[in-house]
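Work each one before you read its solution.

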Amino acid sequence: MASPQGSRAPLEFGGPLGAAALMLLLPATMFHLLLVAHSGPARLLGPPPYLPGPEVLWSPQTLLLWLAWLGLQAALYLLPARKVAEGQELKDKSRLRYPINGNPIYDFFLGRELNPRIWSFDFKYFCELRPGLIGWVLINLALLMQEAELRGSPSLAMWLVNGFQLLYVGDALWYEEAVLTTMDITHDGFGFMLAFGDLAWVPFTYSLQAQFLLHHPQPLGLPMASVICLINAVGYYIFRGANSQKNTFRKNPSDPRVAGLETIPTATGRQLLVSGWWGMVRHPNYLGDLIMALAWSLPCGVSHLLPYFYVLYFTALLVHREARDEQQCLRKYGLAWREYCRRVPYRILPYVY
Ligand SMILES: NC(=O)C1=CN([C@@H]2O[C@H](COP(=O)(O)OP(=O)(O)OC[C@H]3O[C@@H](n4cnc5c(N)ncnc54)[C@H](OP(=O)(O)O)[C@@H]3O)[C@@H](O)[C@H]2O)C=CC1
Ligand SMILES: CC(C)CCC[C@@H](C)[C@H]1CC=C2C3=C(CC[C@@]21C)[C@@]1(C)CC[C@H](O)C(C)(C)[C@@H]1CC3
């Protein structure tokens with residue numbers, strides 16, 4: 001197994017200090033969001049309405065339920081009847097690495113092991129998708145049912161949020177293999193960031209809009225709902241189009257769907273797309289994802305900032321992620337990457353950023 005970063009790779013996320021701060025801030029933010037979503041004023045920036053005592057936070061049944069959920073997902077993951085896909089080849093496959101003076105806080109946050117496995121059970125790949133994403137959909141569904149119980153039927157806003165996010169998760173599971181080329185799998189280790197991110201942050205904060213709607217019902221008329229559906233459809237079209245175009249190209253550049261696209265050759269033998277979606281901005285998939293994020297918040301109205309937390313967080317995450325990817329591509333492709341940046345100057349939003 002290899003370490004995700006070489007010993008001289010520059011530190012990311014603000015190094016050990018940034019990593020330590022994030023490990024305190026992220027769980028605190030998650031609890032704050034959940035407490036505030038349930039409170040009357042639902043103020044994103046105010047103090048939490050109350051602090052739950054340990055008797056509320058600790059429940060053996062909940063722990064058992066959580067372990068059963070992970071156990072079930074692990075059992076399904078291990079089923080022998082499954083498709084096996086190949087991941088990216090590691091550069092130093094044949095060499096053992098001995099970490100010297102690694103920073104424990106930074107390493108704990110980003111993880112030292114790139115592919116922690118026991119036999120064929122890959123912890124990072126397992127956690128990245130199924131438990132958190134399906135858990136998110138189940139939490140949304142539970143909130144929808146609770147709303148039906150409380151008010152006679154689920155609101156239109158709740159249906160939209162559930163529908164949009166179900167489509168997003170369904171898409172991720174349908175194109176499961178594509179996760180193998182994401183930065184999380186190819187570059188990042190399996191540390192606090194991904195373990196907490198996948199298993200806690202995704203199901204609990206990504207379901208914030210549905211949690212908000214349960215406690216703060218919002219009127220939504222059909223014309224506005226149609227506009228929001230259109231926004232989500234445009235976002236999904238860009239997100240899926242861009243991701244599929246790159247994945248098809250990376251698998252087989254002479255596939256007729258991508259063979260006509262203009263490319264830049266690189267010293268590694270790989271090529272960079274410079275027309276189609278990837279000629280519009282350098283991260284068209286992020287743009288689509290962000291448009292969808294907006295569509296998930298709009299059904300919650302504009303009276304509160306809280307449901308827009310996801311849009312704000314996600315913009316920050318993708319801007320930071322884009323910068324990290326940029327550094328990695330510059331290291332990988334050198335001059336060819338500079339040429340790509342010259343030909344496609346905007347990163348995420350055409351003519352703006
Ligand atoms: N919902 C959520 O919380 C999150 C969702 N996402 C989504 O995950 C998806 C994957 O994102 P991510 O892993 O960050 O990165 P991308 O799928 O955007 O992949 C970036 C890589 O694509 C390749 N590439 C870049 N430009 C080109 C080009 N012009 N032509 C060909 N290949 C190119 C490079 O790798 P190489 O050349 O080695 O192939 C680069 O490192 C995105 O859709 C994103 O929106 C991401 C983070 C969080
Ligand atoms: C806790 C921190 C603030 C941030 C942690 C980040 C993680 C939550 C995200 C990093 C990359 C992710 C991806 C998805 C979910 C969120 C995390 C884990 C993804 C599985 C969502 C569905 C998409 O279709 C995808 C492209 C498969 C995503 C891959 C990246």
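**Exercise 1.** Which helix gives the most residues to the shell around ligand 2?

*Solution.* The model is predicted: local features need pLDDT of at least 70, side-chain atom pairs need 80 or more, and totals for chains, interfaces and linings use all residues. Residues count from 1 along each chain, ligands from 1 in the order written.

Step 1. List the shell, where a residue counts if a heavy atom lies within 4 Å of the ligand. It holds 14 residues; the closest are Leu26, Ala172, Asp184, Asp198 and Arg321.

Step 2. Assign helices (DSSP runs of H or I, at least four residues, numbered from the N terminus). H7 (156–174), H9 and H13 (309–333) each give two or more residues. H9 gives the most, with four.

Step 3. Domain 1 (104–217) and domain 2 (220–352), with bounds from an automatic or database assignment, both contribute to the shell, so ligand 2 lies between them.

**Exercise 2.** How many nonpolar, polar and charged residues line the second largest pocket?

*Solution.* Step 1. Take the lining: residues with an atom within 4 Å of a pocket point. There are 31, and the closest to the centre are Met30, Phe31, Leu34, Thr62 and Phe204.

Step 1. Sort by class: Asp, Glu, Lys and Arg are charged; Ala, Val, Leu, Ile, Met, Phe, Trp, Tyr, Cys and Pro are nonpolar; the others, Gly among them, are polar. The lining has 24 nonpolar, seven polar and no charged residues.

Step 2. Find the main contributor. H6 (130–151) gives the most to this lining, with six residues.

Conventions:
Heavy atoms only, no water. 1 Å grid on protein atoms, 1.4 Å probe; cavity = no way out; pocket = protein on both sides within 12 Å on 5 of 7 lines; lining within 4 Å.
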